[in-house]
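Dear colleague,

Please find below the sequence and coordinates that I am handing over to you. My notes on the salt bridges follow.

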Amino acid sequence: MLDVYRAVVRPVVTEKSSAAYAQRKEYTFAADPRATKPEIRRAIETMFGVTVERVRTAVQRSRRKTMGRTAGRRPRWKKAYVRLKEGDTIQIFEG
């Protein structure tokens with residue numbers, strides 16, 4: 001079981017996540033790859049004081065990264081799509 005403040009790493013603010021918020025009121029977060037859906041739900045509810053309706057997750061695969069002649073790998077990470085109860089908002093995404 002992960003610590004509540006380690007389950008969710010940071011918000012993901014991109015054009016695609018902004019469009020998902022505008023259409024479906026879904027917030028996107030980067031989560032620890034070991035975090036489960038109930039842990040992510042508990043973390044969001046604790047940190048922001050909102051009620052989570054639904055959590056969907058997707059594991060983003062690691063990618064190859066080259067710099068000059070050396071090659072390495074970017075780490076894999078988990079993306080969490082969170083839908084809140086009607087009327088709840090998170091200020092990070094609002095403004």
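In what follows, a residue is called buried under 20% relative accessible area, exposed over 50%, and partly exposed in between. Please bear in mind that this is a predicted model.

R83 takes part in a salt bridge with E26, with an N to O distance of 3.5 Å. This pair joins distant parts of the chain, since E26 belongs to strand β2 (residues 26-31) and R83 to strand β6 (residues 77-84), the two being 57 residues apart.

E26 itself is buried, its relative accessible area being 2%. A further salt bridge connects E26 to R24, and here the closest N and O atoms are 3.4 Å apart. R24 is partly exposed, with a relative accessible area of 39%.

How many salt bridges does the structure hold? The count is four. One of them pairs D32 with R34, whose closest N and O atoms lie 3.1 Å apart. The two partners fall into separate classes of accessibility: D32 is buried at 13% relative accessibility, whereas R34 is exposed, with a relative accessible area of 60%.

With kind regards

Methods:
Residues are numbered from 1 along each chain as its sequence is written. This is a predicted model: local features need pLDDT of at least 70, side-chain atom pairs count only at pLDDT 80 or more; totals for chains, interfaces and linings use all residues. Side-chain values use heavy atoms; hydrogens and water are left out. A salt bridge is a side-chain nitrogen of Lys or Arg within 4 Å of a carboxyl oxygen of Asp or Glu. Buried means under 20% relative accessible area, exposed over 50%, partly exposed in between (1.4 Å probe, protein chains only). Helices (H or I, at least four residues) and strands (E, at least two) are DSSP runs, numbered from the N terminus.
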